[in-house]
Amino acid sequence: MRERWMVGMLVAGLLLGACGDPSSGPEAAPPIPEMSGASPTARIRAAATPGTAPAKAPTVLYLGDSIAMENQNVLGQRLRSELRATYTSAPFSGTTLCDYLEGSTGRSLVPAADKAAALVRATHPDFVVLQFWGNSWGYTPCMDGITYASARAAYFARYAADAAKLTEQIAAAGGARRPRIVWVLQGPDPITPDRVRRVDETYEKQARVSGDLVSDAGGTVSPASGRYTWAQYLPCTAYEHEHTEYCTQPSRDRTALHRDDDHLHFCLAPTTSTPKPCPVRSPGILRIAREISRTVAAHLD
């Protein structure tokens, strides 16, 4: 059984490495063909839902790694339809927190114009949603070779320091209109469940210290019997029963969260060498997006 997990995670690792192409750039959700070459700010304005937005309609910026890359369109659709949000997303596959920091001396997978603080200054969001699985395999140069496998204490210390620094940069960029940060808690890791638990604890601690928020989106893709127990299938939710296209095996009252060959991502289409939003209905992605949207809605002023 463990051999099967290891083979699966090796495949996932190779796919994640393939997703680390920084040239893909940020994508708004949904794409606007006639403005495909526009600046991030222009894409954000164009993506706003037509009509009169309610007084508390938020502006939301979504940053993250390959999981955010595949989630971004679905999250944008939920935020716009439920909250009339103005939304942009700028995920880069294979990244981690340090990639979005300004002023770092090392190489980064995120260009300067798409660093967190730069996008906050450009878009003036009310919420900055951060979704990072916790790159632990050393794909991103800004981690200076620190990995979970080779140096666990250094890995967690660096992760906590980067979470604090990223919070400071986002707050400073927001100025008098400091956005609230939403730290998205991650789903289970089948090989190193304790790693994800401790990464989530880092997010929770940082949110407490800085007065920000957490969204337990990872809990929606975890079994009721164990928050950090990985599962490829879970029982269909009431929503998935009502929207049967999201209950992939109704005769067994269960739905698929992961493909057989990818235990990390939630998109039910194969991962490609060119990172892009998930092109097919995927229950895990919808579960995550609905929980993030619920968190934002619950904290509107």
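**View 1. Ring pairs link Tyr148, Tyr155, Phe156, Tyr159, Trp183 and Tyr203 into a cluster.** The model is predicted: local features need pLDDT of at least 70 and side-chain atom pairs pLDDT 80 or more, while totals for chains, interfaces and linings use all residues. Residues are numbered from 1 along each chain as its sequence is written, and side-chain values use heavy atoms, without hydrogens and water. Rings of Phe, Tyr and Trp (its six-membered ring) pair if their centres lie within 6.5 Å; planes under 30 degrees apart are stacked, over 60 edge-to-face, and the rest tilted. The count by this rule is seven aromatic pairs.

**View 2. Tyr148 and Tyr155 form an edge-to-face pair.** Their ring centres are 5.8 Å apart, with 75 degrees between the planes. Tyr148 counts as buried because its relative accessibility is 7%, buried meaning under 20% relative accessible area with a 1.4 Å probe and protein chains only. Tyr155 is also buried, at 0%.

**View 3. The rings of Trp183 and Tyr203 are stacked.** The centres lie 5.0 Å apart and the planes meet at 20 degrees, hence the stacked assignment. Trp183 belongs to strand E4 (residues 180-184) and Tyr203 to helix H6 (residues 193-210), so the pair ties together parts that are 20 residues apart in sequence. Helices (H or I, at least four residues) and strands (E, at least two) are DSSP runs numbered from the N terminus. Both Trp183 and Tyr203 are buried.

**View 4. Arg198 lies over the face of Phe156, and the charged end of Arg290 over the ring of Tyr239.** A charge sits over a ring if NZ of Lys or CZ of Arg is within 6 Å of the ring centre and within 35 degrees of the ring normal. Arg198 is at 3.8 Å from the ring centre of Phe156; for Arg290, the distance to the centre of the Tyr239 ring is 3.8 Å.

Methods: Buried < 20%, exposed > 50% of the residue type's maximum accessible area, 1.4 Å probe, protein only.
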